[in-house]
Every structure is written in structure tokens, then in C-alpha cells.
Amino acid sequence: MSANLFDKVWELHKVGELPSGRDQLFIGLHLVHEVTSPQAFAMLAERGLSVAFPGRSFATCDHIVPTDAQARPFKDPQAEAMMAALEANAAASRIEFFGLGSGRQGIVHVIGPELGLTQPGMTIACGDSHTSTHGAFGAIAFGIGTSQVRDVLATQTLAMDRPRVRRINAKGALGKGVGAKDLILYILSRLGVEGGIGYAYEYSGGAVRGLGMEGRMTLCNMSIEGGARAGYVSPDETTFEYMRGRPYAPAGADWDRALAFWRSIASAEDASFDDEAEIDASSIEPMVTWGTNPGQGVGVSAKTPRLADLPAERREGARAAYAHMGFSEGQRMAGKKIDVAFIGSCTNGRISDLREAAAVAKGRKVAPGVRALVVPGSMQVAAQARKEGLDKVFSEAGFEWRFAGCSMCLAMNPDKLEGDQLCASSSNRNFIGRQGSARGRTLLMSPAMVAAAAVSGEVVDLRSV
Ligand code: SF4
């Protein structure tokens with residue numbers, strides 16, 4: 001049996017073992033944004049330290065950026081202060097910054113891959129939970145806290161406990177209208193939101209190999225929602241094709257060297273894992289969450305679970321979730337009237353997501369009483385969408401077409417739910433209050449399902465629209 005990708009990449013980046021028993025890991029790429037970095041830079045300054053490897057850090061702004069108008073100063077003084085701090089810190093530390101005037105600004109987990117910064121075999125860290133997204137390339141990527149952002153800035157290393165590795169083998173092919181978002185929501189519903197604690201997930205099997213890079217990013221993005229420390233897909237020709245020609249990808253002789261390295265770190269057929277789980281991908285239908293964590297999801301035509309049928313440890317959470325959402329056990333999600341439709345986020349704000357949603361919206365109108373937003377994940381995604389005329393498709397259907405940012409995924413900007421609005425959302429978290437209203441309610445689903453809900457005014461099976 002041979003080593004899996006995770007173990008190979010970890011060993012290559014291990015600097016040594018710390019007295020605490022943790023490993024010190026070199027971080028190849030550090031992505032920085034405005035929310036978790038100001039304090040980290042301040043801590044660095046307090047200690048008189050400077051950034052050790054500025055060439056390995058790249059910054060952008062995403063969480064607090066207004067998506068309706070981007071004139072400076074921002075109306076929200078706190079948002080303006082965070083933005084100004086990032087600009088100043090990046091300039092003082094000689095860190096490349098993709099700001100609003102760069103044409104390359106966007107959600108940190110969208111721009112890393114599209115610029116070719118994210119590469120197979122790397123260790124990647126960012127002060128944001130959904131850093132697991134970058135694992136789609138066969139990188140091992142960790143979300144880190146503010147004090148760890150400080151550590152990476154000061155030393156380019158992290159002290160880490162090595163997780164075990166679970167392979168999730170998704171056998172068979174995904175059906176029509178079923179994609180990566182449905183696959184990960186299904187996995188979360190099966191393994192639970194704590195099932196991955198102590199693990200990194202390797203996604204494999206025919207259904208995963210059949211996904212494009214953007215689908216793989218969606219899949220890996222939500223690994224953290226399952227409790228896993230990271231999630232990844234071993235690189236293959238699909239990965240290498242995506243990398244070719246990207247601005248920061250290796251070129252010329254460097255490309256050939258990189259390719260040989262990338263192939264060498266892939267998990268072999270006979271690679272060993274600490275644990276394995278198997279999924280029948282062909283049985284999955286479009287998924288919708290009914291609760292207040294991403295593991296509380298169900299197929300669109302199935303009924304919400306009865307409390308008595310759930311494992312004992314999940315019952316109390318389900319009872320509370322039903323109470324908040326105003327749903328009950330044994331109901332179908334199809335037919336639930338929605339108030340808001342949100343297409344965007346680092347899970348589903350890429351060009352393929354917008355194409356799939358636009359295919360549903362084309363020639364249709366947003367249902368009366370529904371507010372629908374499309375927020376591209378980056379300026380480059382927005383530019384590509386405009387080139388393909390997708391912005392017009394959405395606008396003609398009655399969707400608001402916005403500037404790039406996190407928007408209503410987290411509502412750290414003016415895009416928020418009001419009262420107990422029910423929102424069909426292509427984002428990754430349905431926690432209470434996540435979209436800006438303590439009584440707001442979020443239904444997670446694929447971007448095409450969100451578009452279908454927007455034009456129908458209720459949750460519908462995409463395959464019937
Ligand atoms: S889109 Fe949402 S999950 Fe992704 S980085 Fe922004 S706030 Fe975080």
C-alpha cells in the first residue's frame with residue numbers, strides 16, 4: 001500500500017516536530033483578506049516583526065465589500081476602516097493586493113484558483129473557514145484563526161495536529177440536474193456535521209472524477225461543514241488542463257517540472273486511508289436543507305425526517321431547527337414559498353454556477369414578491385458572465401446583478417435578510433442569523449435550484465422546470 005496525497009504533501013512540508021508534539025508545517029500559499037488580517041498585522045507590529053515571505057501571501061477584499069455600489073469611502077465606517085487597514089498593511093508589507101481597481105478582486109477562494117495561485121501539492125492557509133475549497137486541486141488547505149494568520153505572516157509556518165484521512169468514494173454517476181452541491185449536501189446529511197472531526201476528506205470515485213474543477217471546488221468548499229479539517233481531490237488531467245495558462249501558474253520548463261511533481265503527489269490506486277466511506281452517487285436527487293445546519297438536508301422530493309427516525313444525538317438539534325424554520329417532520333420541501341433567492345458565494349459564485357442558473361432563468365421572470373440577487377464570486381467571473389450575456393439574462397428575468405463579494409452569504413455588508421424571510425441560497429451555511437436577520441431562514445441548494453425557486457416563487461424540483 002502506498003501513501004495517500006495528504007500524507008505525501010504533509011511530509012514534504014513538515015519542518016519538524018514541536019515540543020508540544022504538534023508538527024510545524026511550511027505554508028506554500030497564504031491568502032489574506034480584510035476581516036481576519038488587521039488584528040494579525042497589529043500583533044506583528046506590537047512584537048516588532050515583519051512578514052517573513054511576502055511573495056507567498058496575496059490579499060483581496062470580499063466579506064465587507066458592498067455589492068450594489070463600490071464608491072469609497074464605504075458608507076459603513078467599520079467596513080471602510082477594515083478596507084483601509086488591509087490596503088495599508090499590504091502596501092507596507094509588500095504583499096500583492098487585488099483591490100477594487102485591480103479587475104482581479106473577489107472572494108478569496110474564487111480568485112486563488114482563477115489566478116493560478118492555488119496549485120496541486122501546496123499547503124495553503126487563509127483566515128477563513130472555507131479555505132478547504134483549494135483542496136479541489138490536490139492541495140491541503142486549512143482555514144485558520146487570527147493568531148495563526150499572525151504566525152503565518154511572521155514565520156510562513158503553522159503548528160498543527162496531523163489529522164487522519166478518510167476517503168469518501170462516490171461511486172456511479174450523478175443524474176440529470178444533480179451536481180456537486182447536491183453531492184456534498186448528501187454527504188453531509190449522511191455523515192453529519194461532526195462526522196469529519198479529526199479527519200481530512202479525500203473525495204474520490206467516478207462521480208468526483210466526472211466533476212469539472214469548479215464542481216470539485218464546491219465539493220471541497222463544504223468539507224468544513226462536515227467537521228473535516230480539510231478536503232481534497234487528487235489531481236488529474238482535469239486539474240492540469242484548468243491550470244494551464246493561468247496568470248500565476250508555472251509556464252515553459254517550469255510547467256513540465258510542476259506537472260511531474262503534481263503527478264507524483266496524487267494518491268495511487270492502492271493508497272491507504274485511516275477510514276473509508278462509500279456513497280452511491282446515482283441515487284442522489286437535487287438536495288435542499290430543511291434545518292439550521294448544512295447536514296440537515298433532504299432530496300427535494302423526499303420528506304423531512306421524523307424525529308423518532310433520527311439517531312438520538314441528532315434529535316434535539318432537529319427539533320430546534322424545525323421550530324426556527326417553521327417546518328415539521330414528514331413534510332416535503334418542494335412547494336415551500338420563498339421570499340429571497342441568492343446566487344453567489346465561494347461555494348457557488350463561479351462562472352459555471354452562473355451559467356447553470358442563467359439556463360434556468362432565461363426567458364422566465366422572477367416570481368412576484370421574490371427578491372433575487374446574483375453576486376459573481378469575482379470581478380473576473382463578472383467579466384466573463386457579461387461577455388456571455390448572462391448579466392442580461394438575469395436582469396431581464398428580474399434578478400439584481402451585483403458587484404463581486406461575499407454578499408448575503410454572511411451579510412457583513414448591506415445585503416441582509418429581513419425579519420423571518422425564507423431564502424433559497426447557493427451559499428454554504430444555514431445557521432440561525434447567518435444571512436443578517438436573527439429570524440431569517442436559509443435553504444441551501446444548488447445555484448440552478450435557487451434560480452428555479454426564484455422563478456417559481458417556491459422550492460421546486462429543477463428537473464420539472
Ligand atoms: S462567500 Fe461566505 S463562506 Fe465564502 S468566504 Fe465569503 S463569507 Fe465566507
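Valine 108 is buried, at a relative accessible area of 1%; buried here means under 20% relative accessible area, exposed over 50% and partly exposed in between, with a 1.4 Å probe and protein chains only. This valine is found in helix α4 (residues 108-115), where helices are DSSP runs of H or I with at least four residues, strands are E runs of at least two, and both are numbered from the N terminus. From valine 108 to glutamine 331 it's 223 residues in sequence and 38 Å in space, C-alpha to C-alpha.

A heads-up on the source: this is a predicted model, with local features needing pLDDT of at least 70 and side-chain atom pairs counting only at pLDDT 80 or more, while totals for chains, interfaces and linings use all residues. Numbering runs from 1 along each chain as its sequence is written, and side-chain values use heavy atoms, with hydrogens and water left out.

**Ligand shell**
- The residues around the ligand are His63, Ile107, His109, Asp128, His130, Ser345, Cys346, Cys406, Cys409, Leu410, Asn428 and Arg434, going by a heavy atom within 4 Å.
- Sorted by class, that shell has 5 nonpolar, 5 polar and 2 charged residues. In this scheme Ala, Val, Leu, Ile, Met, Phe, Trp, Tyr, Cys and Pro are nonpolar, Asp, Glu, Lys and Arg are charged, and the others, Gly among them, are polar.
- Domain 1 (5-160) and domain 2 (287-464) each supply at least three residues to the shell; the bounds come from an automatic or database domain assignment.

- Ser345, one of the residues around the ligand, has a positive phi of about 90° despite not being a glycine. Serine 345 lies in helix α12 (residues 345-348) and counts as buried at 1% relative accessibility.
- Alanine 411 is another non-glycine with a positive phi, about 60°. You'll find alanine 411 in the loop between β17 (400-401) and β18 (422-425), buried with a relative accessible area of 7%.
- Arginine 72 and proline 73 are joined by a cis peptide bond, with omega about -5°. Proline 73 sits in the loop between β4 (57-60) and α3 (77-93).

**Rings and charges**
- There are 14 aromatic pairs in the structure. Rings of Phe, Tyr and Trp (its six-membered ring) pair if their centres lie within 6.5 Å; planes under 30 degrees apart are stacked, over 60 edge-to-face and the rest tilted.
- Tyrosine 201 and tyrosine 203 make an edge-to-face pair, because their ring centres are 6.1 Å apart and their planes lie at 80°. Tyrosine 201 is buried at 2% relative accessible area, and tyrosine 203 is buried at 1%.
- Phe6, Trp10, Phe142 and Tyr232 form one aromatic cluster.
- A charge sits over a ring if NZ of Lys or CZ of Arg is within 6 Å of the ring centre and within 35 degrees of the ring normal.
- Arginine 246 puts its charged end over the ring of tyrosine 242, 3.7 Å from its centre.

**Nonpolar core**
- The largest nonpolar core has 51 residues, of which Ile338, Ile343, Phe394, Phe399 and Leu443 touch the most other members. Such a core is a set of buried Ala, Val, Leu, Ile, Met, Phe, Trp, Tyr and Cys residues joined through side-chain atoms within 4.5 Å.
- Elements giving two or more residues to this core include α11 (312-325), β15 (340-343), α13 (351-361) and β18. Its largest share, 7 residues, comes from α16.
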